[in-house]
Amino acid sequence: MKSCRLLLFAPVLLSGALVRAAEIPALWAERVKAVVAVEFYVESESERRPALSYGTLADDKGTIILPAAAVDPRVAPDQLKDFKIHRAGEAASIPGTYLGEDNLTGWHFVHADPKLLSGLVPITAFAAKDGAPSPVPALAEEVWGIGLRNKDEDFMPYILMSRIGLIQSLPQRSAIALHEVAAPGLPVFNRDGVLVGLATSSFGQSYLQFSRPDRGASPVILVNVEESSVFPLAEEVLPYLGRIPKSVTGRPLAWLGAYGLEPLDPDVAQFMKLDSQGAVVISEVLEGSPAEKAGLKDRDIIVALDGRPLPRLKPSSVVVGYVDRELARKLPGDQFGVTVLRGSSERIDAKVTLGDEPKLIRETSRKYFDRLGLTVREFVYGDAVALRVKTGELTGVVAHFVKPNSPAAVAGLHADDWIREIDGVEVKTFDQAVGRLAAIEADRDRTDFVLLVGRGGETAVLRVKLK
Amino acid sequence: MKSATVKLSSSRSIFALALVCALAPAHAAVSRGFSQLLDAVVRIDVREVTFEEGGKHFSAGIGSGVILTADGLVLTNAHVASPRAVEINITLASLEVVGAKLVGWDHWTDLALLRLDRDEIRRRGLKFAHAEFGNSDKLFAGETVYAVGTPYGLTRTVTRGIISNTSRPFEDPHGIDGYETGSFNTWLQTDAAINPGNSGGPLVTEDGKIVGINSRGYAGADNLGFAIPASTAQPVVAGLVHDGSITRSYIGLVPGALRDLSSFYSVALNVGVLVNSVDPGSPAAKAGLRVGDVLLAINGQKVDGRFPEQLPPIQNLIASQPVGAALRLTIKRGNDTHDYSVMTEKLESRIGEEWAFEKWGLSVRKISRSDARERQLPDETGVLVIGVQPGFPADVAGLSRDDIIMKIGQQPVNSLETIKAAYAAYEAKPEPMLLEALRFRRVSLYILKP
């Protein structure tokens, strides 16, 4: 069937396709050795959920990269348990260790003992040889990649093949194929077997559609989560394979403190004579942030970074991702040149000394109280920003999880409620809250306790009955 | 016209049936008072303007009302006749139709007062009766009451039921076309059938005295209707006659029922009300009141807010203080009891003035002080987009409902006048115009192009 189709196309598009087609099974058998299936568990208070992702071997030291979508960003690294790595087509697994997420690529890194990975080949083995630039596939060029079947079929590898429909900066240079070409996180090759890219999460294939402002009118589309048709090009992949996070939290993370970056609409850009480049509006400059210290203001329009004008990307919303990536290349303490327009005519070159990203929700301390049915976590800078309260004094704790039908749930507590007082006494720190809740939980004679919580702009007093 | 005649005759026959059923067991209802009441009930047809979907639109509705005075004051619901009304026609008991004007409205109690066109009445020699208020405070659950009105356009329909509950608390922050209602009064609940169109008609006792103004019912439920008590309506009527509006005070304290928390706060049973929320930037916040405080007394007058039914009267006590007066609030916090002085402000609705800019296909509502507080905006700058018309400049620029326009050109939008002036300039000479708008705290720029 497949060869029939190739035969049909051969005279028109690819002279010599018949000759090369015969090589693909051999190329495929060799390249399957660069991919693995990775199983792990996401553990929470009430459940242990299995997860499956696909990975590509990045080097010969046992480093495996998983696509950004492999892990929910709200999940804390210590909730990820029991990584198991399967070779394509093998039921047996070897243990792996989670190394963290790289902020720039979004990849999750996993490590396994290289001795146990013997016989596998890093993806670099299939890059362009002798320092030659990575090939950029041409429009309509045929590309192929690897998919993996599910666990019940021992993650058996299979081939996917399609043609290039479009190459676009999103903001990474990415190819969009006509059909699925690889499982997300797995490599894509050209007819010669040279690496041309790494498939991104399958959400990418609907990226353009989802980026439309009038999404309401778009039809609902089914996303194939096991296969993808979008892949950042090899030039966006190979230079970053070594970005193994220095810590499981992904730190160090550079912090600018410009909240709500909004792209300039093309009509507005034209009106402001910025139509040859990109621009983003800073909705708010956060309190105490490096951006504020460097003199940036709410509603400044960023037009250049480190002296280079922002590129004109399509759709214009992609430029926000560009700014985020430029920032992610930096480290805390680095200088970041941010050129902004202010008001109708002012142009300001700000030199920002980047800071350390304030503690993220996924890094917060947490404590679960089973009898109360509640997990509390630290209240962090991001919570204060979301609630629009002063970021200088971070008090109280957040209900991170409320167990259904537990005393806390029956009292009306919701996840994300901000707990300000316990039994009428203000909660200043996480440790205080944990101390008081632990005492309440341990006291079997307690009949009830009272929480003062904030929810959005409102507050409520909740009485939690224990008996 | 023909269908209208059919409608009228059929409604008459229903009326007759209802009267027969109602009167057979209760002869007191054929009192002179009751028949006078029937002659005072009117049908109200309202045409009003709305500023939705980027344009001015007109909609029509039917309600009920009752004539209160010989000079033609008609009481109805605020959700029947509001300042948006452009044409009001009243069908008298004689089936003659006469025009009317809005005297004033009060969405907080869902009441509006109209006046019949006196010149027209005199010229045409029209006659009508007027009804009197009864004492709604003396009602008891189980007492027989009648609802009179225009359900589904069936003019002069009488239904009978009982008072199901004399003080039902029911607060709705968006109840009257988006306006707040029910914070300052409890409601009479009745099982007398109340349907759409009954709104604004009277709930009366057997002697024909008005004890309530029928207002709302649970859709889909069987005979769960609600009426504004006469004791609430009477002072509102007096205020509307006098000023055309009701002025209330605001301090930004949201009360909560203490229920079984009395022991936790170490207050005696049936004393105090919980401070459930304090509006940011409000007088109560400025005075230092905090959530979790217990309010014991207002100007020395003890308050009891143990149950939700008791909260509207407490809210009303605060609201009925003069604007700009210093209130002495006795507050218990922890083991300490202190007096706080809170300066009252004028109560305002969250809903600001609305307007439509038809060539832009844009309808807007001014951000009010309380809207700004609710949305945590720094001040009252801005107008809220309440509608855009597809294919018109505002829609093409990318604006959508719930965006807040903060600037037009380089001019902050401090009032509707700012944007009206920009629109006038655009009408005179259509040129691209730059807008700045907020969408969920995010700032975007837009171009309105001719």
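The legends below describe close-up views of a predicted model.

**View 1. The contact between chain A and chain B.** In this predicted model, chain A brings 25 residues to the contact, and chain B brings 24 residues. On the side of chain A that touches chain B, the elements that give two or more residues are β14 (258-263), α5 (266-271), β15 (280-285), β26 (448-455) and β27 (458-465) of chain A. Of these, β27(A) gives the most, with 5 residues.

**View 2. The nonpolar cores and the surroundings of Tyr446(B).** The largest nonpolar core has 63 residues, and those with the most contacts inside it are Ile302(A), Ile405(B) and Tyr446(B). Leaving aside residues up to four places away in sequence, Tyr446(B) touches Asp265(A) and Val268(A), and on chain B it touches Ala397(B), Gly398(B), Leu399(B), Leu435(B) and Ala437(B). A second, separate core of 58 residues includes Ile67(B), Leu68(B), Phe128(B) and Ala230(B).

**View 3. Strand β3 of chain B and its two partner strands.** Strand β3 of chain B, residues 73-76, is covered on both faces, with Leu73(B) and Leu75(B) buried on one side and Val74(B) and Thr76(B) buried on the other. In a regular strand, side chains alternate between the two faces of the sheet. Strand β2 (residues 55-67) of chain B pairs with β3(B) in the antiparallel sense over 2 bridges, and Leu75(B) in β3(B) is the bridge partner of Val66(B). These two strands, β2(B) and β3(B), form a hairpin with 5 residues between them, and in the turn Gly72(B) has a positive phi of about 90°. Strand β6 (residues 111-116) of chain B also pairs with β3(B) in the antiparallel sense, over 4 bridges, and here Thr76(B) stands opposite Ala112(B) of β6(B).

**View 4. Helix α10 of chain A and its buried face.** The buried residues of α10(A) are Phe430(A), Ala433(A) and Leu437(A). Seen down the axis of α10(A), these buried residues fall within an arc of 65°, so they line one face of the helix. What covers the buried residues of α10(A) includes the chain A elements β21 (366-369), β22 (374-378), β23 (397-402) and β24 (418-422).

Key
Residues are numbered from 1 along each chain as its sequence is written. Chains are lettered from A and ligands numbered from 1 in the order in which they are written. This is a predicted model: local features need pLDDT of at least 70, side-chain atom pairs count only at pLDDT 80 or more; totals for chains, interfaces and linings use all residues. Two residues are in contact if their C-beta atoms, placed from the backbone, lie within 7 Å. A nonpolar core is a set of buried Ala, Val, Leu, Ile, Met, Phe, Trp, Tyr and Cys residues joined through C-beta atoms within 7 Å. A residue is buried if 20 or more other C-beta atoms lie within 10 Å of its own, exposed if 12 or fewer, and partly exposed in between; C-beta atoms are placed from the backbone. Two strands pair if DSSP finds at least two bridges between them. The arc is that of the directions from the helix axis to the C-beta atoms.
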